[in-house]
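Student: I am new to this structure and would like to learn how to read its features. Could you take me through a few of them slowly?

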Amino acid sequence: MGERTDTDGMGIDVEGSELVERIISSRRLRELWCLRSRASGWDPPDDWWTPAVESLCTAAFEETDMSAACVRFGQARARSGVSIGTTLADFTALGEVLGWSAPPLALMTAVAEGWVDGGRSRDDCQDPLTGLTTPAYLRTRLAEVYRTAAKGAPAPADHALVVVALAAGIDPWRRTARLIVLGHELRRFFTGGETITLLTRSRIAVLTRRSAGLDTSVRRLREGPCRGHEAEVWSTVLPDELDQALTFLSEVGKPPMSG
């Protein structure tokens, strides 16, 4: 038997040789894993959950082979733009919650192989869950916009970012469902070739041209689907330089700015 440990002082005993005691639900395991990952530096917290996390928790709780779930987990992290180091650290956090002295090499290898496979997937430009484009694709589009500006056209001045931000503290399943619905609604509002991107598991951004009707569209979003799904929405002009725009994307997971 493995050594029992207390997880984060919560009075929950886990045992490495048994993965997790039967009295702990898969949902509780997920919560403890998320807390441990956040304590280890995961940020932003709302971007942590994916269906692959749920698959891993279920496999661990039911004491079934975790290899396939580890591959899916690695793929999901790569497609979300998470580095291999952060992915392995996240998986190690799960092992700590389960009471492992060290993650099994075979499972770490499965995670790494999944990450490599996910990183070279031809579907990288699209989030498989919501169908929205990925942050990497949006960064590419921004670079194109700024290259056009460098040739003399005031492209950044002619573009804006619309950001939709879900409220904090929503259950992961409910948050994902709302993201899917909001992604569908945004595609109905923006039909002129705009780039609609899933920035994090609680933020969507739309790269669009500025127009006389943009403020009206934002207001309709705010009073319609965003209100119904407890989401904030605001727009912001693009900064003068590309690196400033990329910095904004990295910061947008923080509490929304007034717009």
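Predicted model: local features only at pLDDT ≥ 70, side-chain atom pairs only at ≥ 80, totals over all residues.

Student: Which residues of α2 and α3 make the contact?

Tutor: From α2 the contact takes A52, V53, S55, L56 and A59, while α3 brings A69, C70, R72, F73, A76 and R77. Sorted by class, the contact of α2 with α3 has 8 nonpolar, 1 polar and 2 charged residues.

Student: Now the aromatic rings: what should I look at, and how many aromatic pairs are there?

Tutor: A pair of aromatic rings is described by the distance of the centres and the angle of the planes. The count in this model comes to 4 aromatic pairs. In one of them, the rings of W33 and F73 have centres 5.6 Å apart and planes at 45 degrees, so the pair is tilted. Because W33 lies in helix α1 (residues 26-39) and F73 in helix α3, this pair ties together parts that are 40 residues apart in sequence. Both W33 and F73 are buried.

Student: What kind of aromatic pair do F73 and F91 form?

Tutor: The pair of F73 and F91 is tilted, with 6.4 Å from centre to centre and 45 degrees between the planes. F91 lies in helix α4 (residues 84-98) and F73 in helix α3, so the pair ties together parts that are 18 residues apart in sequence. F91 is buried, as is F73. Ring pairs also link W33, W48, F73, F91 and W100 into a cluster.

Student: Finally, is H159 buried or exposed?

Tutor: Buried means under 20% relative accessible area, and H159 is buried because its relative accessible area is 7%. H159 is found in strand β3, residues 159-166. Leaving aside neighbours within four places in sequence, H159 is in contact with V145, L207, T208, R209, R210, V237 and L238.

Notes:
Residues numbered from 1 in each chain as written. Heavy atoms only, no water. Helix = DSSP H or I, 4+ residues; strand = E, 2+ residues; numbered from the N terminus. Buried < 20%, exposed > 50% of the residue type's maximum accessible area, 1.4 Å probe, protein only. Contact = heavy atoms within 4.5 Å. Nonpolar A, V, L, I, M, F, W, Y, C, P; charged D, E, K, R; others polar. Phe/Tyr/Trp six-rings, centres within 6.5 Å; stacked < 30°, edge-to-face > 60°.
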